Amino acid sequence: TPEKVLAQVEKYNQIDPSGHLYGAIIASVREYIEFKKKGRYAEYHLAYAVHYIADLSQPLHHTLYEDFNRQYHSKMDGIVNDEVLDNLDKIKVYPIEIKTEQDLAKEIARIANLSMVLGYKLEDEGRLLTREETYIQLSHSASLMKAVLGYLGN
């Protein structure tokens, strides 16, 4: 839920064995805004936001780290690595509007839930993502990243 996403923000840059990917997106965006206001190098925090937003669409980043996840996690992360730059047209950016942190938390929760459902489906079926599913997942992250850049005025 958006509330759970916002509750994780305070865990940013802390060791947390249960993870805090969702809150880290918001925290890194906040840090970007704060550093930029102070005239400091803010892009470092934006790079973290990009990383976390990419992780958001990885299905196994939302499931328990048990046998299936341990066995397939690295393979799942790299399904289209060798071809993605030649297939950017397969990443479909759709409109997302973010005007507030609450909007961002809502979108993070939405994509996380889509990814989690897919992750458990893959586990139930004992398979990796298809290339088509991978590009759909990449589309979620690309769409959110575009919306975040709009929110930040970039």
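Histidine 45 is buried (under 20% relative accessible area, with a 1.4 Å probe and protein chains only), its own value being 7%. This residue lies in helix H3, where helices are DSSP runs of H or I with at least four residues, numbered from the N terminus. Leaving aside residues up to four places away in sequence, histidine 45 touches Tyr12, Ser28, Glu31, Tyr32 and Phe35; contact here means heavy atoms within 4.5 Å.

The model is a predicted one, in which local features need pLDDT of at least 70, side-chain atom pairs count only at pLDDT 80 or more, and totals for chains, interfaces and linings use all residues. Residues are numbered from 1 along each chain as its sequence is written, and side-chain values use heavy atoms, with hydrogens and water left out.

Glutamate 43 is also placed in helix H3. At 37% relative accessibility it counts as partly exposed, a class that covers the range between buried and exposed, the latter being over 50%. Its C-alpha atom is separated by 6.7 Å from that of tyrosine 32, 11 residues apart along the chain.

**Helix pairs**

Two helix pairs are set out below. Axes are lines fitted to C-alpha atoms over the stretch in contact, and angles run from 0 to 180 degrees between N-to-C directions.

| Pair | Axis separation | Angle |
|---|---|---|
| H2 (residues 21-37) and H3 (residues 43-56) | 8 Å | about 160 degrees |
| H5 and H6 | within 11 Å | roughly 170 degrees |

H2 and H3 are therefore roughly antiparallel to each other, the term applying to angles over 145 degrees. H2 passes H3 in a left-handed crossing, in which the near helix is turned anticlockwise from the far one by less than a right angle. On the H2 side the contact includes Leu21, Ala24, Ile25, Ser28, Tyr32 and Phe35, and on the H3 side the partners include Glu43, His45, Leu46, Tyr48, Ala49 and Tyr52. The residues of this contact divide into 13 nonpolar, 2 polar and 3 charged. In this scheme Ala, Val, Leu, Ile, Met, Phe, Trp, Tyr, Cys and Pro count as nonpolar, Asp, Glu, Lys and Arg as charged, and the others, Gly among them, as polar.

The angle between H5 and H6, roughly 170 degrees, makes these helices roughly antiparallel as well. Among the H5 residues in the contact are Leu104, Ile108, Ile111, Leu114 and Leu118, which face an H6 set including Gln137, His140, Leu144 and Val148. By class, this contact has 9 nonpolar, 3 polar and 4 charged residues.

The 17 residues of H2 should span 24 Å at 1.5 Å a residue, and its end C-alpha atoms are 25 Å apart, which agrees; the expected span is 1.5 Å times one less than the number of residues. Buried residues of H2 include Ala24, Ile25, Ser28, Val29, Tyr32 and Phe35. Their cover includes helix H1 (2-7), H3, helix H5 (101-125) and helix H6 (131-151).

H6 has 21 residues and reaches 30 Å between its first and last C-alpha atoms, close to the 30 Å expected. Its buried residues, among them Tyr135, His140, Leu144, Met145 and Val148, pack against H2, H3 and H5.

**Glycines after the helices**

Glycine 39 follows H2 and has a positive phi, near 75 degrees. It is found in the loop between H2 and H3 and, at 67% relative accessibility, counts as exposed. Glycine 39 and valine 148 are 109 residues apart in sequence and 20 Å apart in space, C-alpha to C-alpha. H6 is followed by glycine 153, whose phi is positive, near 80 degrees.

How values were computed
Helix = DSSP H or I, 4+ residues; strand = E, 2+ residues; numbered from the N terminus. Parallel < 35°, antiparallel > 145°, perpendicular 65-115°, else oblique.
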